[in-house]
Structure formats: structure tokens, C-alpha cells
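Okay, thanks everyone, I'll keep this short. Have a look at the model on the screen, and I'll walk you through a few spots in it.

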Amino acid sequence: MTSLRYAEALNRALREEMTRDPMVWLFGEDIATYGGVFKVTKDLLGEFGPGRVRDTPISEQTLTAMAVTAAMAGTRPVLEIMYADFLPLSIDALVNQAGVFDYIWGGQVSIPMVLRTQGGGGAGAGAQHSKSLDAFVAHIPGLKVVAPATPADAYGLLKAAIRDPNPVIVLEHKLLYNLRGEVPEDGGLIEIGRARTAREGRDVSIFATSRMVHLSLEAAEKLAAEGIEAEVIDLRSLRPLDVGAIVASVAKTHHAVVVNEGWRFCGYGAELSATIMEQAFDDLDAPVERVGAMDVAIPYSEPLEKTVLPDVEAIMAAVRRARR
Amino acid sequence: MAERATAQKRGRTRSSAATTSSPKKNSAPDLATLSRDEELKAYRDMLLIRRFEEKAGQLYGMGLIGGFCHLYIGQEAVVVGMQMCVKDGVDQVITGYRDHGHMLATGMDPKGVMAELTGRAGGYSKGKGGSMHMFSREKQFFGGHGIVGAQVSLGTGLAFANKYRGQDTVTLAYFGDGAANQGQVYESFNMAELWKLPVIYIIENNKYAMGTAVNRASAQTDFSKRGLSFAIPGEQVDGMDVRAVKAAGERAVKWCREGNGPYILEMQTYRYRGHSMSDPAKYRSKDEVQKMRTDHDPIEQVRLRLIENEWAGEDDLKAIDKDVRAIVAESADFATVDPEPDVAELWTDILK
Ligand SMILES: Cc1ncc(C[n+]2csc(CCOP(=O)(O)OP(=O)(O)O)c2C)c(N)n1
Ligand SMILES: [Mg+2]
């Protein structure tokens, strides 16, 4: 085990995969010389050269479409989209191309591309640089979507994403890059599609994604003082979803709270909630509680932004409602 | 047909830039002659932007401004020179996130801008927008946009509406050398020329897009030529010299007002500071920055001319500086004491 920051864990995953497979190459805005605005691609230009680590013009729509066919044609592109807020520029290539080609061409093609991006609020970055658009990409059949919450998962999931024969979106979080954690030395991959039990508990299940996992763990510690033992499940993979893990946890606790940082309306939390209702209804003692961002643009003002985003208090309140 | 022929002719790009590597031999120094009053106003307007930005930088350092803060220092002559060519509050301005200078140049209240930077209720967007997202119908300022390149198509839509409504308004759509590589820029160029929309595309080529130098991201680094295949006339302009900006701006505005369609101005300029407050700007040398500051500073150029022409003495200039500093200090004071927005504001302005 080594202790690494989340950004360093991603960096190590990229370095190892590039060393292992010469077809892996990186591109994106300011990823090479600058090392990425969050330093995820730091030093890789020096190690692998400008042929494999490319700075690009600001051209997200084309970059994403190029990743699709460059992957189809035998290379393994890892594209960085600087902010998840810019994903709408990539969406056409994802929803009309990457997600469908395998299917509409009868399984003749494979698209092993990775699109890394980071989203989330809490940095005062305003309405166009703070969103969690998880639902935008998780909505698309033919894609895989992962959202690591820890350095170990960032490392293992990114490596798995690069080796996956399908298009994989890796959703990072801007407030997690400095988070430190133990990362195994063995270079182990983490299977995409498997949730992780972050905390065991008997009274209520909190299903959370990305940074919300950490807030949920904090809420769980506080709730323990009130005598409520919450189980926290880090979903890690938004698509495919580990329905088995969800059902098993609900069967144990009979209460469910879902937490995703995106907008509530038509958001990822809505999908989780519906899945639990469909798959675990008989085990539920109470309606599923849903925590997410308020349905407004993310405001710049610090107190307003704080109010819009889900926090520990909101998760605790949802748990109490679920337990009522 | 005739229109297109003229456009084609004008479509050959011209250059008045002192900073290009190969300015056209035969292009006369294309400089507007400024009166004493114009020079004084340019000096004052540019100084206001500079001092405002310096103060914003300080407030950011003190933690009063959060998130993003992109300073315009070094580029002042572009927006001030262009604003000298248009009608305040009538002609429209739209730009990216490096927008404080544009807002001040259109006459927006420095207090409202600074208070938005600190996220206060008295800011132009009630604290909900921040540095990149302000708007003023009164001053015809249409933002402040954080999605690089979006302002180009948005600006084209404004111009469409102006033409549709038979208004004599010109739209100034500002964007960077980096933004110039977005696909929507060319979709905009095509429609603007096709439908003869009165929009001036102003490319502020400050040599970098974040840490990426122009030649590392652009196959064609002469941005005035970017509209050639659509027959949109373009010029390279010394964006550090307010006289050059004004001369080119006048031509572009006239072209648009006469119904000839769009016009492209590549303003060759330079940002002295990092991309945003969090950028240490290690991708360029200190010498490079220093050279621009000492040889091309837009404000210093005007100051020297004012002194040389004996249009102003050191004391007059000091008085202007004092005045400007007072306005900036007042804006900073307001931005510090004005209350933060009420939480009730969260649910306002969502739908009409
Ligand atoms: C669609 C989109 N892609 C990327 C970014 C991130 N980004 C913000 S500014 C910038 C560089 C833009 O450079 P330029 O257009 O030259 O303007 P300047 O900052 O030099 O004024 C980038 C890549 C963004 N905000 N929006
Ligand atoms: Mg630039």
C-alpha cells in the first residue's frame, strides 16, 4: 500500500497503462505542457512524449467524436474533458455514436475509449463550472460510467476503464483530487459494475456516489450517536449498476436513502430510487428518501451554493425521515 | 452579387499590427488620430480597468473573491478602443469570462461589478452569477460566458435579431485565440455572412489559451484569415495601441452599419497575468511578459503621447489616477460591506 492523493492515483493509473500498452494515448486541453488543470496528467508528457500525450485545441465536440473512431480503429484514447459542464458538447458523439455503433452494426465494432472529466460544486466556480451531470451520461445505453470516491478506486477503476473494450466515462470530482488514501501496490483493477460497502450498518442503507460517499460516512458517524447505524454503499459504477448489492443491503436494513450531487429532478437519484422500488419493494419499511442538489443553477455566492448542494445535514435529515 | 464582390475584395486581410512577425510592407500605420479629449478619455477608461483589476486581484488574495477570477490587465486598449467606435447602450457587447474590462468599458457600474465578484446582493447578478456571469440590458452587455466559444454563436443570434427587427445596432462578439478553434465559431461565420448579419467578431489574440501558446493549438495563427473562405473581411490589429484599435473598429462598424455583413478583427494583445488567479503561468518566460509591459503597454503609450503633446502634465495625470483609484476603492468598499444574498433568492429568476 502507498498513500496517494486521488489525483496522483489517477496519474499512476495512466502511467502504468501507457507503459503496458503502447496503443494507450492521452489528449485534451492543457493536459500535456500544463499537466492538466488538476494535475492528473502531470509529468506524463516528459515520460511518453508529445505523440502520446497531446495538448489539443478547444474543440470538445470533435475531440469526442475523434476518440470514438480512433478507438474503433484500434487505439485506446483517453480523452480529458476539463469540466463535466462541457459534456453537453460531447454528448452527440456519446449518445449518437459511441453508445450505438456496436449495436447498430451488429457487434462488429468495439470502442475502447475513455472519457475522463470532473464535476461537482463547492468551489465557487459558478453555474457553468460546478454541475454534476451524471444523469446525462448514465442515461446512455452502450456506455459504462464510473465515479470513484477514493484514491484506490480512482486508480483501479481508471485502469479497468482503459482496458475495457467499451466506451467508459470516468466522472471525477474537483473536491476529491487532494484526498489522500491507501492505494494497493499490486496494480489491481477494480471490476466495473461492483459497489463497495464503505460502512456496515443495520438500520438504514445510504446509497451514495462520488463525493457524496464521504458526506454520507460523516452523516453515518453522527447518526451513530443517535443510535442509528447506517450502512453506506459507494456505488462506484453508475452504469452498469450493482443492483445485487443494493437489494442485499435493503434486505438487511429495510430503509433506503439515495444521495447524488446532481439535480433531483430526472437525476441519478431518481433512477436509484426507482430501481429500489422495483427490485426491493417487499423489503422496504418506508419510502425511499432522495437527496440531491436543489433544482436551480449552481449559484456563485458561497452561502447560496452551500444551500443548493447536498450536505451532511441534508443526508442526516433524510435518514431520520426514512426511519420515522 | 455586387455585395459579395466587395466582400471578396475586402476579404483580403490587412495588417496594422506592430506585434506581428510580418506586417504587410505597404500597409500604412493605420492609426486613428485622437483629439486631446479622446486621448484623455482613453487614458482614464483604460486606467479604470487596470486599477479595478488590480483591486480584484487583491480582494481575491484576501479571500473575498472565490472561484474564478480572470484579469484583463494588458488588454485594455482593445475594449476601450472598440467602445470609442460604437454607441453606448445601443450597440451590443458579448464576451467570455475575461469580462470585467468589457463591463466597465460599456459603462456598467464598478460597484455592481465588484460586488458580483464578492458574491453580494448588490452585484449585477445578485451574487448568483459571479465573475463570469453578469449582464446589463441598460448597457447592452450580454455576458460574461464560461463555455468557451458559446459567446460567438450567441452574439450571432443577437445580430440576427437586430437585423430582423430592422435595427441599426451592431454586435461586438469578443472571443479568445483559444475559443477561435471551436466549431461553432465557423458555423457562426457562415450564417453571419450568408445572412449579412451586423456582427463584428473580435478575436482577442493574447497569445495563450490557458497554458497553450497559439502556435501549439492553431494551424492558422493569422486569425484575421479565419473568415476568408466565407468572404468575411478581416484585419490584424495592434491591440496594444488604442489608435489602431479605433481605426480598425471604425472600418468594421461602418461595414456592418452599411449592411455588408460581418467583419473580423484580430486584436493582437497580451495578458500580463496568469489565465486566472490560480495560474502561476510557468509556460512563458518572465522576460516575454516584461518585454510586452515595457515596450507595448497600452496605457503607457497614451500617457507618453499626452505628455509629449503637452495635452496633460504629470499633475493632471496624477489627478486622473487619484480619481480612478477613488472609484475603485468605493467599489471595493461596497463589495465588502454589501450583504450576501438572502437564501430566498435561490428560488427567484428560474422561469418567467
Ligand atoms: C467549452 C469549454 N472548454 C474549455 C474550457 C476551459 N477553458 C476556459 S478558458 C480556456 C482558454 C481560452 O483561451 P482564449 O480563448 O485564448 O481566451 P483567454 O483566456 O486567453 O482570454 C479554456 C480551455 C471552457 N471554459 N469551456
Ligand atoms: Mg487567449
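Let's start with one residue, Pro240(A). If you leave aside its neighbours within four places in sequence, Pro240(A) is in contact with Lys144(A) and Gly193(A). Before I go on: this is a predicted model, so please keep that in mind throughout.

Now, Gly193(A) is 47 residues away from Pro240(A) in sequence, yet their C-alpha atoms sit 5.1 Å apart in space.

UniProt, in an unreviewed entry, lists residues 4-179 of chain A as "domain: Transketolase-like pyrimidine-binding". In the model, that stretch of chain A is 38% helix and 18% strand, and its end C-alpha atoms are 8 Å apart.

Next, how do the two chains meet? On the chain A side, 27 residues are in contact with 33 residues of chain B. Two helices of chain A, α3 (60-72) and α11 (302-308), each supply at least two residues of the side that touches chain B. The largest share comes from α11(A), with five residues. By type, that side of chain A divides into 14 nonpolar residues, ten polar and three charged.

And between chains A and B lies ligand 1. There are 20 residues around ligand 1, and the ones that come nearest are Val148(B), Gly176(B), Gly178(B), Ala179(B) and Ala209(B). The shell around the ligand splits into ten nonpolar, five polar and five charged residues.

Chain B has twelve helices and eight strands. Its C-alpha atoms fill a box of roughly 60 × 55 × 40 Å along the principal axes. For 352 residues you'd expect a compact globule to have a radius of gyration near 20 Å, and chain B has 20 Å, so the two agree. Of those 352 residues, 55% count as buried. And if you take the contacts in chain B between residues at least 6 apart in sequence, 77% of them join residues at least 24 apart.

That's my tour, happy to go back to any of these spots.

Notes. Residues are numbered from 1 along each chain as its sequence is written. Chains are lettered from A and ligands numbered from 1 in the order in which they are written. This is a predicted model: local features need pLDDT of at least 70, side-chain atom pairs count only at pLDDT 80 or more; totals for chains, interfaces and linings use all residues. Helices (H or I, at least four residues) and strands (E, at least two) are DSSP runs, numbered from the N terminus. The radius of gyration is taken over C-alpha atoms; the globule rule is 2.2 Å times the number of residues to the power 0.38. A residue is buried if 20 or more other C-beta atoms lie within 10 Å of its own, exposed if 12 or fewer, and partly exposed in between; C-beta atoms are placed from the backbone. Two residues are in contact if their C-beta atoms, placed from the backbone, lie within 7 Å. UniProt positions are given in the numbering used here, feature names are shortened, and annotations may be inferred rather than shown by experiment. Ala, Val, Leu, Ile, Met, Phe, Trp, Tyr, Cys and Pro count as nonpolar, Asp, Glu, Lys and Arg as charged, and the others, Gly among them, as polar. A residue is near a molecule or strand if its C-beta atom, placed from the backbone, lies within 6 Å of it.
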